[in-house]
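Here is a friendly walk through one protein model. Have the viewer open and follow along from helix to helix.

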Amino acid sequence: MAKRWGFFGRGAGMGRRTGGDHLLAHLERLAGASPEEIHGELAFSEDIAVLVYRFDTPVPHLLYVTYGLSRARSSVPVAGIQDELTLRVPDEPSPPAWPVQRLHGLARYQRASGYPIEPGHYMDLRAPVCEGASLSGFIFVQDPLVPVLTAPTGRVRFIDAVPVTADELDAALRWDPLKFAGLLGDALPLGVGAHNRESLLIDASFTRPLTSLTERDGSTVAAVSSGYFAVDATGRIDLTTHAAAHLLRAMKWRLGYDRPFAVVGDAAWARFVPAAHPRVDYGEDAESGPYLTVSVDAALRHEMLAVLDSEPGTYRLTSAPLNIHVIDPSR
């Protein structure tokens with residue numbers, strides 16, 4: 001795609017510089033060159049564009065950066081901190097298209113939800129990032145190379161989407177996504193790997209410290225959001241296969257370490273808390289809707305690990321009056 005700087009691009013000398021002018025200058029100083037490619041318009045549009053830069057150090061790679069999540073097209077100073085997203089892939093003569101598509105999708109998600117993507121967040125795509133890929137999720141970290149931009153129009157930080165395989169993401173959620181990304185970065189500098197790379201979990205030199213640290217620390221993931229989730233006063237819980245997998249993981253790596261875990265839906269929620277005796281309490285909140293507080297002792301925790309599955313079905317527990325219905329929204 002041809003490089004199109006737009007009417008206000010590159011400090012054309014007409015009026016005050018926009019946030020985008022400062023952003024482009026910031027990235028050009030780091031890369032030592034203009035973008036290799038520009039996907040989208042840099043002016044006359046509120047859509048998100050994606051810039052592609054080529055770096056030789058510390059390892060050869062292509063850096064993809066969003067343009068427009070921050071106030072790129074405004075010259076008015078903004079309080080607080082704004083964000084742009086980044087993603088890295090191995091250097092290739094022709095930059096692949098899938099990082100552009102994925103960054104566009106992440107940017108649309110952030111805009112639609114109204115919730116910023118923060119370091120330590122993760123996303124399970126539940127599908128390969130592109131055809132033939134083994135990578136199917138992201139862990140988000142503060143970008144390790146692109147520093148915060150401090151400009152007259154405001155401060156902009158850069159959140160890096162580190163691609164991971166499905167089993168790597170599962171391992172990260174059993175422990176700590178940010179720390180896992182750090183461990184991954186020791187094996188793959190900057191997290192840069194081929195889209196079809198093998199999982200690092202086949203490497204004993206990676207899994208040995210990971211297993212030790214996970215068993216020592218347990219999980220830092222305290223909650224999961226679920227697109228569909230419902231509870232009632234009888235102790236019935238309806239949740240998706242995705243949320244069920246998170247709940248099972250939490251039974252071992254959260255409740256097993258005397259830490260609570262929550263499942264939060266659009267119209268209901270449930271909190272599972274360690275306790276000496278099992279109990280299920282129902283309540284209703286004017287803002288968040290009906291909820292359950294499930295007190296989990298060792299017997300209930302072990303029963304859930306033995307009985308509950310992430311496959312669709314009905315799972316009745318005897319240690320507490322719980323009737324869990326797991327559904328697959330795609331069916």
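Please keep in mind that the model is predicted.

**Helix packing**

| Helix pair | Axis angle | Axis distance |
|---|---|---|
| Helix 3 and helix 4 | about 130 degrees | 7 Å apart |
| Helix 3 and helix 6 | roughly 45 degrees | within 10 Å |
| Helix 4 and helix 5 | roughly 165 degrees | within 11 Å |

Helix 3 covers residues 166–174 and helix 4 covers residues 177–187, and their axes pack at an angle of about 130 degrees. Because of that angle, helix 3 is oblique to helix 4. The crossing of this pair is right-handed. On the helix 3 side the contact is made by Glu168, Ala171, Ala172 and Leu173, and helix 4 supplies Pro177, Phe180 and Leu184. Sorted by class, this contact of helix 3 with helix 4 holds six nonpolar residues, no polar ones and one charged residue.

Helix 3 also meets helix 6, with axes that cross at roughly 45 degrees. The angle therefore makes helix 3 oblique to helix 6. Here, too, the crossing is right-handed. Asp170, Leu173 and Arg174 of helix 3 touch His246, Arg249 and Trp253 of helix 6. The class count for the contact of helix 3 with helix 6 is two nonpolar, one polar and three charged residues.

The remaining pair in the table is helix 4 and helix 5, whose axes cross at roughly 165 degrees. An angle over 145 degrees counts as roughly antiparallel, so helix 4 is roughly antiparallel to helix 5. Helix 4 passes helix 5 in a right-handed crossing. From helix 4 come Lys179, Phe180, Leu183, Leu184 and Ala187, which meet Phe206, Leu210 and Asp217 of helix 5. Six nonpolar, no polar and two charged residues make up the contact of helix 4 with helix 5.

**The largest pocket**

Next, the open space. The largest pocket holds about 1,300 Å³. Its lining counts 41 residues, and the closest to the pocket centre are Tyr122, Val224, Ser225, His242 and His246. Elements that give two or more residues to the lining include strand 5 (122–124), strand 9 (223–226), helix 3 and helix 6 (241–253). Which element gives the most to the lining of the largest pocket? That is helix 6, with five residues. By class, the lining has 19 nonpolar, 14 polar and eight charged residues.

**Two backbone details**

Most residues other than glycine have a negative phi, and most peptide bonds are trans. A cis peptide bond joins Thr57 and Pro58, with omega about -5 degrees. Pro58 sits in the loop between strand 2 (49–55) and strand 3 (61–67). Leu190, a residue other than glycine, has a positive phi, near 65 degrees. This leucine, Leu190, is found in the loop between helix 4 and helix 5 (204–217).

Methods
Residues are numbered from 1 along each chain as its sequence is written. This is a predicted model: local features need pLDDT of at least 70, side-chain atom pairs count only at pLDDT 80 or more; totals for chains, interfaces and linings use all residues. Side-chain values use heavy atoms; hydrogens and water are left out. Axes are lines fitted to C-alpha atoms, for helices over the stretch in contact, and angles run from 0 to 180 degrees between N-to-C directions. Helices (H or I, at least four residues) and strands (E, at least two) are DSSP runs, numbered from the N terminus. Angles under 35 degrees count as roughly parallel, over 145 as roughly antiparallel, 65 to 115 as roughly perpendicular and the rest as oblique. A crossing is left-handed if the near helix is turned anticlockwise from the far one by less than a right angle, and right-handed if clockwise. Contact means heavy atoms within 4.5 Å. Ala, Val, Leu, Ile, Met, Phe, Trp, Tyr, Cys and Pro count as nonpolar, Asp, Glu, Lys and Arg as charged, and the others, Gly among them, as polar. On a 1 Å grid over the protein atoms alone, a cavity is a set of points where a 1.4 Å probe fits but cannot get out, and a pocket is an open set with protein on both sides within 12 Å along at least five of seven lines; lining residues have an atom within 4 Å of a point. Grid points are joined across faces, edges and corners, and a volume is the space filled by probe spheres set on the points.
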